[in-house]
Structure formats: C-alpha cells, structure tokens
Amino acid sequence: MGFVWFWLVAIMMVAYVVLDGFDLGVGILHPFLARSEQDRQIMLRSIGPVWDGNEVWLLAGGGTLYFAFPLLYASAFSGFYLALMIVLWLLIMRGCSIELRMHMEIGVWRAFFDGLFFVSSLLLAVFYGAALGNVIRGVPLGEDGYFFLPLWTNWNIGPHPGILDWYTVIGGVVALIALALHGSLYLAVKTEGALQQRARTAARRLWIGVLVLTIISLIASLFARPDALVNYKQYPVLFIVPIAVLCALAGIIHFLRRHDDRKSFLSSCLYLTLMLVGAAVALYPRLLPSSGDASYDITIEKSLSGPHTLQVGLIWWGFGMCLALIYFVVVYRMFRGKVTLEDGGYGH
C-alpha cells in the first residue's frame, strides 16, 4: 500500500508541475515576448481560464501527503516553514496580478501587476526547483524526524546545509529555464502571428539551455546524492528513464523545427514528467533523506498511515480524481483553440 500511495502523490506532483508549469512559463516570458498591450492581454488570456484550476493539483498533492504520510508532512512543513511562507506569498501575488491586472485602466497599475506577475512566476519556478534539490540532497533530520533549515549557510552541501547551496541553486535554474521553455511552447500552441513566432524563437534558444543544464544537473545529483543510482543498478531497466529524458528533449527540438507546436509541447510535458519520475525512482523508498545519519531518513515505512485509513482513503481518492479529471477535460475542451481578443477570447 505504501508503494501505491508513494506513486499517487508523485502523480499529483507531476500533474501540478506539467499543468501549472506552463502558467509559470508564460509569466516568466511575459515582459520579454509581449511587444504591445494586445500581446500582454493575449498572453494572460492564454492561461486565464485554467491557471487557478491547475493549482488544484498542488492542494490535492499536499492534502494526500498529509493523509498518507503524516510524519513527512509534519517534518517537511516545519523544517521548510520559511520557504513555504515565501511560496505562499508568491502564489498570492501571482493570483492577484492575474485577476486584478485586467480590471485596471490606469497604465501604471497595469505595469505594476505585469511586473508582479513576472517576479512571482520567476521566483516560484526557482523555489520549486530548489525544493526538489533539497529533497534529493537531503536535510539535517534529527532523531525525532524534525529539522530546521536557514535560507542559506556557506553554500556548500554537507550535514548542515541551507535551503540554498550550489546544488539547490542548480535545481532552481533548471526549473526556471525548463518552465520558461514549457511556457514558450504553450504560447506557440495558443497564439498566432508575430507573438507565436517570438515564442518559437524563444523556445529554440531556451532548449539549448535546458539541454546543457539537464546534463549538468544529472552529474551534480551524483555528487550531492552518491547513492542516487542504487535503485537503477538494482533494476537496470530503470535506466530507460534518463534515456527517455534525452529522447523527450530531442522530440522538443525536432517538432519545433517542423512547426508542429502541439507535439513539441507534448514532448516538453513528457520531459518534465520523466525528470520528476527519475528523481522519485532515485529516492524510493525514502521520502525525505537525511543529509547526515542515513538511519534518520524518513521512509515510506516510517511515515505511512494505518492500513484501514489507506484502504478507505483509496476509494475516496479515486472518486475525487474522477471528478477532477472530468472537470479538466471539460475546461480544456471548452477553451481549446487559439487565443484572440475577439469572440470571447478563443477560436475553435
């Protein structure tokens, strides 16, 4: 049952990164691709009907984490308290910027919310990448399963690291560039004309950065977590995951050159999915490794809820996911097509 819930949480985290990732990418690219007020409105309209729904996966993942692995939830949310408060405020600021910007007629306020949209999207991408880096690297867990992390210490990995060090900064930069690429490909799907061409150009340039940073991050992970390949060596078939990551990257640029925007975007979705799956495979069965004594690792066995709770919860989880999937299918179908400023904003 622990194996099942581990991957159910992983699925929801992947869904959040893939879906809300292009929202963040659009925000990161907002000041660089928009050349006019029309462009800025189109970029916002491209995510307007779906951005808040995409964040449901973050809430669902957090709720499932609390339900299935209460020790991990308690430990992580106390140790990462500072970072979580920063992320919460960034989510609030991004939501305010999206919702309030279009209601403002005064130029200076629109510029303010445009800047807020960009800054909050950029910092969220960096913090998400750094958070994953912290989980892979490990945190200074105590015997009681709790820990504290300052924002930074000496920028080196070790028994007592900070939230930010050279490894987690690499993770933050990878997330920033990868989500910017994801957002540019989404814009190429949803827009037309000059804005679409600028999105394609940005995607080609960002792809080079993602390729280089992906290789660097994989190598850096072996230094930060020397036992990251244990599961891969035990089950060599799992090496198909990093190979598939590189194939997904190749698919992005291949379809991009053919102007097949949808397949290029789907390749980006696959790339993000496989990167997260690869990290989950490396960690399993650990949920939060210790940066010091390995006996303090928070594992599935240590943090799993009772069997009856998990069995009943699986029924309700399945029911809730069916409703969520129906909602997403309906919404994305309703707002399919290119974004315009006429006919309600979407073509068919």
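Is the crossing of helix 1 and helix 12 left-handed or right-handed? In this predicted model, the crossing of these two helices is right-handed. Two packed helices are described by the angle between their axes and by the distance between those axes. For helix 1 (residues 2–33) and helix 12 (residues 261–283), the angle is about 145° and the axes lie 10 Å apart. Helix 1 contributes Phe6, Trp7, Met13, Val14, Val17, Val18 and Phe22 to the contact, whereas helix 12 contributes Phe265, Cys269, Leu272, Thr273, Leu276, Val277, Ala280 and Val281. By class, the residues of this contact comprise 14 nonpolar and 1 polar, with no charged residue among them.

Charged pairs are found elsewhere in the model, where 13 salt bridges are counted in the structure. Side chains of opposite charge can pair when their charged atoms come close. One of these pairs is formed by glutamate 37 and arginine 110, with a distance of 2.6 Å between the closest N and O atoms.

Two features of the backbone concern loops. Most residues other than glycine have a negative phi, and most peptide bonds are trans. Tryptophan 155, although not a glycine, has a positive phi of about 70°, and this residue is found in the loop between helix 7 and helix 8 (166–190). Tyrosine 284 and proline 285 are joined by a cis peptide bond, for which omega is about 5°; proline 285 is placed in the loop between helix 12 and strand 1 (286–288).

How values were computed
Residues are numbered from 1 along each chain as its sequence is written. This is a predicted model: local features need pLDDT of at least 70, side-chain atom pairs count only at pLDDT 80 or more; totals for chains, interfaces and linings use all residues. Side-chain values use heavy atoms; hydrogens and water are left out. Axes are lines fitted to C-alpha atoms, for helices over the stretch in contact, and angles run from 0 to 180 degrees between N-to-C directions. Helices (H or I, at least four residues) and strands (E, at least two) are DSSP runs, numbered from the N terminus. A crossing is left-handed if the near helix is turned anticlockwise from the far one by less than a right angle, and right-handed if clockwise. Contact means heavy atoms within 4.5 Å. Ala, Val, Leu, Ile, Met, Phe, Trp, Tyr, Cys and Pro count as nonpolar, Asp, Glu, Lys and Arg as charged, and the others, Gly among them, as polar. A salt bridge is a side-chain nitrogen of Lys or Arg within 4 Å of a carboxyl oxygen of Asp or Glu.
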